[in-house]
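Dear colleague,

Please find below the structure I am handing over to you, with the sequence alongside. My account of the findings follows directly after it.

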Amino acid sequence: MAWFLLFVAGLFEVGWAIGLKYTDGFTRLVPTLLTGASMVVSLGLLGLALKELPVGTAYAVWTGIGTVGTALLGIWLLGEPATVLRLVCIGLIVSGIVGLKLVA
């Protein structure tokens, strides 16, 4: 269950990271509220996952999910470049996440 909570926490991290772009410097109320709520949920779920998982592993996986998800959504939603090198680096992060899951 802890790994599931950690995965969902990572998804909410993606939500708040992308949400920051839409807050327009925290001047738009609804995106700001949704971003803030995503932050709270993400950290709350991370905290619950830490009851069972090592902090170093959980934090690395949480930030990895957030990094990969945010980078991919940046490409898809925001028109950021999808260069081969960038995609290879994203793949390396994914392999690190998988590796941490396998050894934990």
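**The loop between H1 and H2**

Phe-26 counts as exposed, because its relative accessible area is 53%. The residue is part of the loop between H1 and H2. Although Phe-26 is not a glycine, its phi is positive, at about 65°. Please bear in mind throughout that this is a predicted model.

Asp-24 belongs to the loop between H1 and H2 as well. Its phi is also positive, at about 55°, and Asp-24 is not a glycine either. With a relative accessible area of 52%, Asp-24 is over the 50% cut-off and is therefore exposed.

Thr-23 is likewise located in the loop between H1 and H2. Is Thr-23 buried or exposed? Its relative accessible area is 1%, so Thr-23 is buried. A polar atom of the Thr-23 side chain lies 2.8 Å from the backbone oxygen of Leu-20. Once residues up to four places away in sequence are set aside, Thr-23 touches Arg-28, Pro-31, Thr-32 and Thr-35.

**Overall architecture**

The protein has four helices and zero strands, and its elements run α-α-α-α from the N terminus on. The C-alpha trace spans about 40 × 35 × 15 Å along its principal axes. Of the 104 residues in the protein, 32% are buried. Among the contacts with a separation of 6 or more, 67% are between residues 24 or more positions apart.

**Packing of H1 against H2**

Two packed helices are described by the angle between their axes and the distance between the axes. For H1 and H2, the axes come within 8 Å and the crossing angle is roughly 155°. Angles over 145 degrees count as roughly antiparallel, and H1 and H2 are therefore roughly antiparallel to each other. The crossing of H1 past H2 is left-handed.

On the H1 side, the residues that make this contact are Ala-2, Leu-5, Leu-6, Val-8, Ala-9, Phe-12, Glu-13, Gly-15, Trp-16, Gly-19, Leu-20 and Tyr-22. On the H2 side, they are Pro-31, Thr-35, Ser-38, Met-39, Val-41, Ser-42, Leu-45, Leu-46, Leu-48 and Ala-49. By class, the residues of the contact of H1 with H2 comprise 16 nonpolar, five polar and one charged.

Two of the residues named in this contact, Ser-42 and Gly-19, are described individually below.

**Ser-42**

Ser-42 is located in helix H2, which covers residues 29–49. Ser-42 has a relative accessibility of 0% and so counts as buried. A polar atom of the Ser-42 side chain is 2.9 Å from the backbone oxygen of Ala-9. What does Ser-42 contact, leaving aside its neighbours within four places in sequence? The residues in contact with Ser-42 are Ala-9, Phe-12, Glu-13, Trp-16 and Trp-62.

**Gly-19**

Gly-19 is located in helix H1. Its relative accessibility of 10% is under the 20% cut-off, so Gly-19 counts as buried. The C-alpha atom of Gly-19 is separated by 23 Å from that of Ile-97, and the two residues are 78 residues apart along the chain.

**Packing of H1 against H3**

At what angle do H1 and H3 pack? Helix H1 (residues 2–22) and helix H3 (residues 55–78) pack at about 40°, and their axes are 8 Å apart. This angle makes H1 oblique to H3. H1 passes H3 in a right-handed crossing, whereas H1 passes H2 in a left-handed one. The residues of the contact of H1 with H3 comprise 16 nonpolar, seven polar and two charged.

**The loop between H2 and H3**

Lys-51 is part of the loop between H2 and H3. Its relative accessibility is 69%, so Lys-51 counts as exposed. The C-alpha atoms of Lys-51 and Ala-2 are separated by 7.9 Å, while the two residues are 49 residues apart along the chain.

With kind regards

Definitions and conventions:
Residues are numbered from 1 along each chain as its sequence is written. This is a predicted model: local features need pLDDT of at least 70, side-chain atom pairs count only at pLDDT 80 or more; totals for chains, interfaces and linings use all residues. Side-chain values use heavy atoms; hydrogens and water are left out. Buried means under 20% relative accessible area, exposed over 50%, partly exposed in between (1.4 Å probe, protein chains only). A polar contact is a pair of N or O atoms within 3.5 Å; within protein, one must be able to donate a hydrogen and the other to accept it, and residues adjacent in sequence count only if both atoms are side-chain atoms. Contact means heavy atoms within 4.5 Å. Axes are lines fitted to C-alpha atoms, for helices over the stretch in contact, and angles run from 0 to 180 degrees between N-to-C directions. Angles under 35 degrees count as roughly parallel, over 145 as roughly antiparallel, 65 to 115 as roughly perpendicular and the rest as oblique. A crossing is left-handed if the near helix is turned anticlockwise from the far one by less than a right angle, and right-handed if clockwise. Ala, Val, Leu, Ile, Met, Phe, Trp, Tyr, Cys and Pro count as nonpolar, Asp, Glu, Lys and Arg as charged, and the others, Gly among them, as polar.
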